[in-house]
Structures are given as C-alpha cells and as structure tokens.
Amino acid sequence: MKTIEFIGSFPEYRICPKDNKPEFAFIGRSNVGKSSLINMLTERKSLARVSKTPGKTQHLNFYLIDKEWYLVDLPGYGYAQTSKKLRRAFEIMIHQYLERRLTLQCTFVLIDIRIPPQAIDIDFINWLGANGIPFSIVFTKADKNNEKTNLENIEIFKAEMLKTWEALPAFFITSSETRQGKDELTDYIQGIKQQFIDYHS
Ligand code: GTP
Ligand code: MG
C-alpha cells in the first residue's frame, strides 16, 4: 500500500463515495483489535486510533488506498456501554451499509482468537450469510497464545460455524504485534480488487 488518504467519516451509506471503486470493510466486537489490524495492514502507526476505551469509531470511515480501493473501518458491534437507542442506530447504519453498498467486495469479521465462540459474533456471521454478504474471518491477537492453542481454538470456532454452515469462508490468523497474516490478507484483498478492476475496465 503506497498511498493512503482518509476520505471521510460518513454516518450513512447513502453519502459514501460514489466513484465505483472496490471496497473492503472491517468489523468486529469492540476491542477485538480492529484499529491495530488496519494500522498493521497499512503500515501506519496511528491511522486508526488504538484505544483503551472501546466504542470510539461511530461512523463509516473511508480510506482510499493507492487511489484504487477503499478500506472501510466500521464501528464495533455489541458495545454494551452505549445506550440501547444508540446501539440500535449503529446497528441500522451498519446493516444498511452492508446490505446496500454495491461496491463492497468483502467484509472482514474480526474474531479474538483467545476466546470461545461468542453468540454475538456467530449471530452477526449468520446474519451476513442470510443476506448473501461476502465475508471472511480474521482471527486477531495470535501472538497472545501459542500456535497449538490457536489452532485448537480455530477448530472450535469452525465446528461452531458448521452447525449452521455447509461451507466455511476464508480464514486468516493475524497479529498486529508480530505482523502475522499481513501478507496473506494483503494478497487476498489485492486479488479480489484486481478482479473487480479488470471486470469493470
Ligand atoms: P475499538 O475501536 O475501541 O472498538 O477497539 P479496536 O477493535 O479497534 O481495538 P484496538 O486496535 O484499539 O485494540 C484494543 C487493544 O488490544 C489495544 O490495547 C491493543 O494494543 C490490543 N491489541 C490489538 N491487536 C493486538 C495484537 O495483535 N496483539 C496484541 N498482543 N495486542 C493487540
Ligand atoms: Mg478501533
């Protein structure tokens, strides 16, 4: 990623950029390591704010990468500290964006590799599936466990998904500390992005 421009923070999908570029969104529960992952991928120290207080991202944040594609930082879901009304408003904003944004190529759902499958993550994944929204799973904080534990936890997560899914999506194991998974994730995005560009040119 050579150039990265912050384009804007949009409260609604309707006012997001309309220049028909391929787009990739990042989402996950608060504190899962979303900002850290975005900084790791873009090799910027503080593009997205890494925070001790969760729930900072409240809009659809657009970054234009290499003048070719958008990286979209979405608010974390299920943040308990906000009011019910605000949570609902976030949910509507996110759901509408994911359902209606035609240039969205893939949504990366971030999952903390250390913890057992959470209902809120599984529900969100199932909602994506029910609505035909393409997604991949990105496990975060891989450096905090040994590899054996990580692989075991991933198997547990896959088993949970296989209760409702016939086929599993792409999985990535990442760490913002060690940069594990950076090349795999970048290659994956570049591949889909290039297909989009070739198809539309
Ligand atoms: P919100 O925007 O507040 O919802 O959180 P977020 O999902 O953007 O998480 P953020 O990147 O701010 O990281 C939350 C905490 O986890 C911070 O203290 C990070 O330093 C830590 N963290 C994130 N990724 C990693 C990782 O890969 N390894 C380790 N060891 N810590 C991480
Ligand atoms: Mg964040």
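Asp-19 counts as partly exposed, at 36% relative accessibility. By partly exposed I mean between the two other classes: buried is under 20% relative accessible area and exposed is over 50%, with a 1.4 Å probe and protein chains only.

Before going on, the background. This is a predicted model, in which local features need pLDDT of at least 70 and side-chain atom pairs count only at pLDDT 80 or more, while totals for chains, interfaces and linings use all residues. Residues are numbered from 1 along each chain as its sequence is written, chains are lettered from A and ligands numbered from 1 in the order in which they are written, and side-chain values use heavy atoms, with hydrogens and water left out.

Back to Asp-19. Lys-21 forms a salt bridge with Asp-19, and their closest N and O atoms are 3.1 Å apart. A salt bridge here is a side-chain nitrogen of Lys or Arg within 4 Å of a carboxyl oxygen of Asp or Glu. The structure holds 13 of these, and I will show two others.

One of them joins Lys-182 to Glu-43, with the closest N and O atoms 2.9 Å apart. Lys-182 lies in helix H5, residues 182-200, and Glu-43 in the loop between helix H1 (34-42) and strand E3 (60-65), so the pair ties together parts that are 139 residues apart in sequence. Helices (H or I, at least four residues) and strands (E, at least two) are DSSP runs, numbered from the N terminus. Lys-182 is buried at 12% relative accessible area, whereas Glu-43 is partly exposed at 47%.

The other is between Glu-68 and Lys-193, whose closest N and O atoms are 2.7 Å apart. This pair also links distant parts of the chain, 125 residues apart: Glu-68 is in the loop between E3 and E4, and Lys-193 is in helix H5. Glu-68 is partly exposed, at 29%, and Lys-193 is buried, at 5%.

Now to strand E2, residues 23-28.

Which strands does E2 pair with? Strands pair if DSSP finds at least two bridges between them. E2 runs parallel to E4, residues 69-73, with four bridges, and parallel to E5, residues 104-112, with six. Glu-23 has a bridge partner in each: Tyr-70 in E4 and Leu-104 in E5.
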